[in-house]
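Here's a quick look at how charged and aromatic side chains pair up in this one. Have the structure open as you read.

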Amino acid sequence: MADLPSDFDLAPYIEHSLLDPAATLQQIEQLCQEADRYHFAAVCVFPWVVRQAREWLNGRSPRLCTVIDFPNGASTAASKCFAAQEAVENGAQELNVVVNLGWLRSDRADLVHQELAEIVEATGVPIKAILEATRLNPSELEQLTDLCLDAGVTMLQTSTGWFGGATPALVQQLRQLTRNRVGIHAAGGIRTWDQAAALVEAGAVRLGTSYGPLILQQRLADAAVAASV
């Protein structure tokens with residue numbers, strides 16, 4: 001179990017996410033309401049609903065984030081850059097961009113760097129590069145990390161969650177590779193307080209999960225049980 005203080009406030013670390021392509025407007029509105037109620041750091045939704053989410057979050061503290069080319073990252077650089085610019089025009093304040101692993105493994109790292117750098121320059125908002133780190137060997141991960149930092153990203157996200165979740169060991173590895181120059185966003189399979197707390201202790205500054213309210217409610221319930229003993 002993680003050793004965070006019993007009164008540690010996890011809410012500011014949570015990016016409340018709903019990346020189910022079948023999610024309804026009603027579900028996404030509820031997501032925004034929950035993020036505001038619990039004082040989460042951000043919400044993350046698909047691009048098609050960014051404009052509506054901006055209206056729901058107007059004047060509230062959670063930041064509005066969307067994903068670019070999720071979950072594959074294999075669209076053309078031009079289409080990804082256009083999608084990123086459109087998302088910002090619609091109100092997105094942060095972008096989670098899936099990198100093109102095909103370019104990386106085809107010895108075209110220059111194109112990976114160029115794509116990210118163009119998005120960074122064209123949008124002017126914080127860019128979080130989704131690495132899909134669980135699919136990379138140590139050498140590839142180190143190379144991709146360097147490319148992302150040089151391109152100007154502000155945070156590295158461990159994965160989409162489609163190919164394995166975040167672990168404290170992975171977060172620590174990314175912190176070492178980046179030498180703490182950017183934040184680490186842990187995502188994938190975070191469903192309990194202990195998981196979330198362990199990732200924060202490892203150095204994650206953002207937690208992408210759709211279980212934020214349940215995690216906090218679980219903690220309150222555990223505290224109530226402990227107090228009654």
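Predicted model: local features only at pLDDT ≥ 70, side-chain atom pairs only at ≥ 80, totals over all residues.

## E94 and its partners

What does E94 pair with at 2.8 Å? That's K128: the two form a salt bridge, with 2.8 Å between the closest N and O atoms. The pair links distant parts of the chain, since E94 belongs to strand β4 (residues 94–98) and K128 to strand β5 (residues 127–130), 34 residues apart. K128 is buried too, at 1% relative accessibility.

E94 also makes a salt bridge with R206, and here the closest N and O atoms are 3.1 Å apart. This one again joins distant parts of the chain: R206 sits in strand β8 (residues 206–209), 112 residues from E94 in strand β4. With a relative accessible area of 8%, R206 counts as buried. Zoom out a bit and you'll find a network of salt bridges linking E94, K128 and R206 with E15 and R63.

## A bridge from helix α1

The salt bridge count for the model comes to nine. One of them brings together the side chains of D36 and R60, at 3.4 Å from N to O. D36 is in helix α1 (residues 25–38), while R60 is in the loop between α2 (50–57) and β3 (63–68), so this contact ties together parts 24 residues apart in sequence.

Are these two buried or partly exposed? D36 comes out as partly exposed at 26% relative accessibility, and R60 is partly exposed as well, with a relative accessible area of 41%.

## Rings with rings

Now for the aromatics: there are three aromatic pairs in the structure. One of them is Y38 with F40, whose ring centres are 5.5 Å apart; their planes are at 15°, under the 30 degrees cut-off, so they count as stacked. F40 is buried, at 2% relative accessibility.

F46 and F70 make another pair, with ring centres 6.2 Å apart and planes at 70°, so this one is edge-to-face. F46 sits in the loop between β2 (42–45) and α2, and F70 in the loop between β3 and α3 (77–89), so the pair ties together parts that are 24 residues apart in sequence. F46 counts as buried at 15% relative accessibility, and F70 is buried at 15% as well.

## A charge over a ring

Which ring does the charged end of R135 sit over? It's the ring of F163, with the charged end 4.2 Å from the ring centre.

Conventions
Residues numbered from 1 in each chain as written. Heavy atoms only, no water. Salt bridge = Lys/Arg side-chain N within 4 Å of Asp/Glu carboxyl O. Helix = DSSP H or I, 4+ residues; strand = E, 2+ residues; numbered from the N terminus. Buried < 20%, exposed > 50% of the residue type's maximum accessible area, 1.4 Å probe, protein only. Phe/Tyr/Trp six-rings, centres within 6.5 Å; stacked < 30°, edge-to-face > 60°. Lys NZ or Arg CZ within 6 Å of the ring centre and 35° of its normal.
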